[in-house]
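Hello,

Here is the structure we spoke about. Please look it over; my notes follow below.

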Amino acid sequence: MAGERGEEGGEEGDPNLKKRAHAARSRLIVRLGAFLVSHSALVSVVCCVAGFITLFLLPVLAKHTYISENALMPGSANPLFSSQDVNEANRFIKGIIHKRIEKEEAGIELQKFIGQSIADVGAEVHYHKFSPHTNHFNPLHFFSSTSNTARIDTNNSCASFGVNTVGIIRAPRGDGKEAIVLVSPYNSQNMEYNEALSLGLAFSVFSLLSKVTWLAKDIVWLAADSRFGEYNSVSSWLNDYHNPIFSRDSGNLDSISNDCHHWNEIRIQGANSNFFKRAGTMAAALVFKVMEKKEKGDRDCLTMYAEASNGQMPNLDLLNIVHYLAVHRQGLRVKIETMGSLLNSAWVKFTGEILEGVSRLSKSLNPQWKFDVTTADYVEGAATLASSMYYQALGVPTGSHGAFRDYQIDAVTLEFLPRFYLRNENAQSTFLLRSGRLIEGVVRSVNNLLEKFHQSFFLYFLTAPNKFVSVGVYMIAFALLVAPLPIVAAALFARAKANEITTDDCAEKCTPIDTKESEIATGSWKWLQAAKVLLMIHSWAVIVSLLPYYISHMINLNSTMSMLTWVSLSISTLPFLYALFGSPFSLNVEWELLKAVMVATISIGLGLMSIINFSTAQIGAMLLVPMSLLVHPLKAKMNVNALLRAALLTCNIAFAFLGFPPVALLVAKGLSEGFGKLSIGDFWEWMEFLWEWNSATYLYLLWVQLPCWLLCIHILLHPCSRGDSRHKQ
Amino acid sequence: MAEIRPYWALAAAAALGFRVLLLILFPGDLHLGSRPEVATPLTSLRRLSEGYWLKQSSMSPYAGSMYHGSPLLLPILGPLTAERTDGQPAHFYCSLLFVVVDFVTAMLIRATGQKLLLSRRQSLEYLNLPKLVKNSANINAGDLASLIYLWNPLTIVTCLGLCSSPIDNLMVVLTIYAACSRLAPLAAFGYVLATHLSLYPAILILPVILLLGYGPDAPPAKLFLHKSSNSDGKDPSNNDESRSAVTTHKPVRCFSRRPVVHFMIWVSIWSCYVLFLCSIYLKGLGGLQEMFKKTYGFILTVGDLSPNIGVLWYFFAEVFEFFRNFFLIVFHVNILFMILPLAIRLKHRPCFLAFVYTAISAMLKSYPSVGDSALYLGLLGLFANELADMQFSFFLFFGYIGVSLLSPVMHNLWIWRGTGNANFYFATGLVYSCLQTVLIVESVSTMLKHDRMLRKHVIA
């Protein structure tokens, strides 16, 4: 970066003077802009460094969470969940274990048992049948916003469908327009004891809620059959909930289900139970699971998962009430995911120590300043923040709560980790009591809501279960990183224009430029040539991003072969486009203009991505911004000393290497898991994972990162012949 | 000039082929017709088919505040929207019709460009500026403008987006073309229909009269006066060419009344005819009064506050009810205020004036869509020679790209994801208006600078 500064300072004398002379009589805002543009190198160095520093300071800048919506009133009522309900849960668990042992090859016995129990409580019950659907690559999904119409695969055999059991309590004080959803996933084919426990917990809460008088929102309990994955069952239930099938289609559904005799069994049993029942708009959803603990701890643990698709988060208030009730009422320990490798990382610890030193210094200067940082806090916060960012950036939901967010419903997954081994009866009872009271409390709180969650943040990172960085704070780091881009683009553009003006007279006399070029390259529209190159490379990127759709339809390709096919096809399309539009080198575009255009697109691309999925944009910007700002043709002359020049060249080559998405991924993977296990197919698998979940990160990588990397390579290899001849003249 | 020409037919055919290809590949997947950027309450074809259905069942097409367009569009486009024949998706033939309409518009723009080029060359030759003539010959503005219009993504989106904007645009371009060629009846036809369809082209009356009266764009009249006084006073000793130019092309910059009067007569004839047709069509269904209330009234009172890329919906959603009329007047007068000063300053360039008016109305109209931008961006290409030195072109280009990508994302964030709110979407609308303002201001100032440059050349 320093190299660039020197290099720009050397060349920029002439346009500066001109600009200043012109600026003297122009408006203030234009003058300010001109000032920034003329010092673009300094501005970009300062902004980039400040951006990185702010990013590392984020764990320090985190605030404590607070409950923003007054209507929630968590913990204001005494919990009604008592040992009687625990007994009920135990009875249910025993029953379900009994069913499982009784019938080893379980059909839908479990579902029937759950349904029967729900009916006994006095609630409505129905069974929801769904078939697994594999996620398909759909590149247009994000913008087309198609409502998922029900897809019915006609060739389903009997064995391959799952059955969810749904119980609905109609609220005595509600109008049936709103509902709260409880989800407890379990595997109907191979049920573990912990799943039985979570079902028991859900049932006991459900049976308690069926008796209470304060309910203003309906309660829906979804016992999700997770034999095809938790997410799958929940999302297909939600899809059917929100997209009703009308009579014309349902006849079709009947004809399929007729040949399945399990399905008929249920149908006979309950008169109405195969009708899809609904209960109004969902205000919030809680997914809870009980996990088996491997090692002993001093308290029961609760882990919250909140990340939904494309980095969306539920409203912070939902997490707040869970945290508040769990910690201050039930005495659970609340955790969220952390990135384990950062906890032991030396440089994070080092940064923490520096910050601690700074805080001690500031305290000695003025004890009033509240700048308290300890190394342990910082490391913990940084690790949590990193994992929060990572899961958001991936754009893939961390659990079945992600399915709810697609319908604008706030949902969170609560994973309980009991202190003792599960089979311990006493411990199990106290555990059930605590977690049951927690869930009851959360339901009661949400029940108080008058509107949907809107008071607190939707855009935030968590650095601890009770600490968050809001959008207003974390935007700063990103904005600082991206701010130099338009300025540098303007500076490069101005410089190219100045070159044009100074050499205009000579050009007319000595070098007759061929007419075709001068046709467009006159006046201020000269950059259109560069825009043409940009258009070409971006259309190439679009083609590359669509290729996997066809490759994935080819049979018998393992990931390495697919990856190789992808790469070779991508490379072979490039010459075609060159032939069609003319290659960037033959078009004779100045590299300054090419870089200006590239930097402008990067700023648009990053700006867009920061709205779609902030974390992806943030992580991408950390790589892309230095790469694009530093890039400089290898052959161009620089009026700087050899050391700076060498540093600039090394940086350029390193970034050109790292900026290629597959290389970046493989290096990241190698660093975290060791370089021994790497293979070329890894990138393909990763991409497959992304597009199966319709992650916008895939589009970012192929529509922003890849074309910009290719443009950088073009600039690096730019022949610079015209520029040199200019300098001679 | 010879540079674009060989490729023009190819490029135009490719643009049309691209549209048809998109139409066949994505019959119903794009959902462009439901995008607020593309289809407004005035132009949406979905609303039009609703109006057509109402008319078919002998009700007023304006019942229920669904349709707000012209009644004349109903019998033309209505059958195309209603029929679903031979397995083609709905609106397929309508979209094909719009492809043809786009092509005709592009041809008219091209013809206008050639007229402008001719007049420019004549006047420059008269002013004895052979160097400028030679330079300007490099770009054939008509070809360029028509290609810009055809390949502009906004035009393509409008064409496939199931809205009637292509027809509105065609009428505006037809007016300008006919006025350039001094065809008073045709100009009157285009003008009346354009006004009838979308009201705002009414302000084009000034440029049309100027075009009919003075002829197409030329440098300021003062230069001609200066030149002729110079050549009268002292004989230009060195240049025979210029003298021949003087003798062949007399500077006819005096106002000729005849075509203007013709135009006025034809306007009254055509408007009576259009109103007559409308009244026949709406006979017994509310008649003309209902039509005026539901079309022009709807435009002027900003009755539909659903979000669009303009700025009025947000403002009128927030404003107190008792200030509403006041601000309605303020916003509409805003357009009218700009008409006269611009007309005085740019009276020697009526075509450019028409471009500025379309851009201003596209920015300030009550239900703007990208179709309006497509129109003025296409017209902008006509002045490629004069605007060659325009500032901020780079900034504007990337600004337009950025906003057109940002707008759907913000809309998605607000409507579908629920994590954003109306301010997010409105912010892109504001940025868009700013870009348009910069475009207008810069193009006008560049044009004035160009005239000043000419003057310097003439006087020097």
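**Sheet and helices**

Helix α17 (residues 425-447) of chain A lies across β4, β6 and β9 (410-417) of chain A, and runs at about 170° to β6(A). Helices (H or I, at least four residues) and strands (E, at least two) are DSSP runs, numbered from the N terminus. Axes are lines fitted to C-alpha atoms, for helices over the stretch in contact, and angles run from 0 to 180 degrees between N-to-C directions.

This is a predicted model: local features need pLDDT of at least 70, side-chain atom pairs count only at pLDDT 80 or more, and totals for chains, interfaces and linings use all residues. Residues are numbered from 1 along each chain as its sequence is written, while chains are lettered from A and ligands numbered from 1 in the order in which they are written.

The open sheet has 8 strands, ordered β2-β3-β5-β4-β6-β9-β7-β8 (chain A), with mixed pairing (two strands pair if DSSP finds at least two bridges between them). β2 (124-130) and β8 (333-336) of chain A are the edges; each has a single partner strand, so one side of each lacks a neighbour in the sheet. Strands β4 (residues 178-183) and β6 (residues 281-290) of chain A run parallel, joined by 6 bridges. I180(A) has A284(A) as its bridge partner in β6(A).

**Chain B helix pair**

Helix α9 (residues 184-198) and helix α13 (residues 257-281) of chain B pack at about 45°, axes 8 Å apart. α9(B) and α13(B) are therefore oblique to each other (angles under 35 degrees count as roughly parallel, over 145 as roughly antiparallel, 65 to 115 as roughly perpendicular and the rest as oblique).

Best wishes

How values were computed
Contact = placed C-beta atoms within 7 Å.
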